[in-house]
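Student: I have a structure open and want to go through a few residues with you. Can we start with the contacts of one side chain and move on from there?

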Amino acid sequence: MSNQTITIHDFEFQLICEYFSQVERQGPGSPEMTIKAASFIDNMNPDSKIVDLGCGTGGQTMILAQNLPGNITGIDLFPKFIDIFNNNSKQLALEERVKGVTGSMDNLPFKEEELDLIWSEGAIYNIGFERGLKEWRKYLKKGGYIAVSEASWFTPDRPSEIEAFWMNSYDQIDTIPNKVMQMQSAGYVPVATFIIPENCWTDHFYVPQSEAQRKFLEKYRGERKAEMLIEEMIFEEKMYNTYKEFYGYVFYIGKRI
Ligand code: SAH
């Protein structure tokens, strides 16, 4: 029984990984928004130590590297994403200062006060916003920065269908003022907060997925797990199109006190 469970999970894990390996981004965002968020970070130099947690295949990491000095370590749980990441880094001749390693954001291989900047786009939800901010703080130097994007409500109230959808997928979604307060309580001065625009979800996230979905369904025709994964992705996109005025991703940038 337990072996069977492992096999099923492993299959799902492989599928999700394969599906998302086909696209440049594994979460909503854009080069413009990465550059905008980076514009709030100062005091970086070629010796600065930067990490990108839940880096995926590194779409945003490479943009960051092209816009800030310093050495960047990308960390992701999926080894295949890290392989693609390191390939991308090489292609862009960034491999001397941008390296991907497999690892988990809840068990980081850094020393206390070692880092100048912690970056994480669309990934801190894996550990939870408040827990991530609190646990990662010790790795930052005093005056170091954290920049994360996180699902947030835009209004105090919203329709029950979208509320239920989020409670089921990530119940720590919260309003922007509450997220800013959580950042402050975790020991950071909030430096900037901005909503990433709709094209980060459409042009940079859902549009590239439709081709990936077509190819994926062709390959796995009749495989229920694979079809379910695509159904879920399509449903998620439908939710976004219907309720985008009520939620989105927000960049939160803070400076460690
Ligand atoms: N930052 C990328 C990817 C976001 S998707 C982008 O914006 O495109 C979330 C990523 O978090 C995935 O790549 C997933 O593999 C990774 N992830 C999930 N759990 C993780 C964990 N515990 N530690 C590190 N990475 C994790």
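Student: Leaving aside neighbours within four places in sequence, what is Lys179 in contact with?
Tutor: This is a predicted model. In it, Lys179 is in contact with Phe129, Glu150, Ala151, Ser152, Tyr170, Gln172, Ile173, Asp174 and Tyr252, once neighbours within four places in sequence are set aside.

Student: Is Lys179 buried or exposed?
Tutor: Lys179 counts as buried because its relative accessibility is 1%, and the cut-off for buried is under 20%. Lys179 is found in helix 7.

Student: And Asn178, where is that?
Tutor: Asn178 is also placed in helix 7, which covers residues 176-185. Its relative accessibility is 28%, so Asn178 counts as partly exposed.

Student: Switching to rings. How many aromatic pairs are there?
Tutor: The structure holds 23. One of them is Trp201 with Tyr249, an edge-to-face pair at 5.3 Å centre to centre and 75° between the planes.

Student: Which parts does that pair tie together?
Tutor: Trp201 lies in the loop between strand 7 and helix 8, and Tyr249 in strand 8, so the pair links parts 48 residues apart in sequence. Both Trp201 and Tyr249 are buried.

Student: Which residues form the aromatic cluster with them?
Tutor: The cluster includes Trp153, Phe165, Trp166, Phe205 and Tyr206, along with Trp201 and Tyr249.

Student: Last one: what lies over the face of Phe194?
Tutor: Lys36 does, at 4.8 Å from the ring centre.

Conventions:
Residues are numbered from 1 along each chain as its sequence is written. This is a predicted model: local features need pLDDT of at least 70, side-chain atom pairs count only at pLDDT 80 or more; totals for chains, interfaces and linings use all residues. Side-chain values use heavy atoms; hydrogens and water are left out. Helices (H or I, at least four residues) and strands (E, at least two) are DSSP runs, numbered from the N terminus. Buried means under 20% relative accessible area, exposed over 50%, partly exposed in between (1.4 Å probe, protein chains only). Contact means heavy atoms within 4.5 Å. Rings of Phe, Tyr and Trp (its six-membered ring) pair if their centres lie within 6.5 Å; planes under 30 degrees apart count as stacked, over 60 as edge-to-face and the rest as tilted. A charge sits over a ring if NZ of Lys or CZ of Arg is within 6 Å of the ring centre and within 35 degrees of the ring normal.
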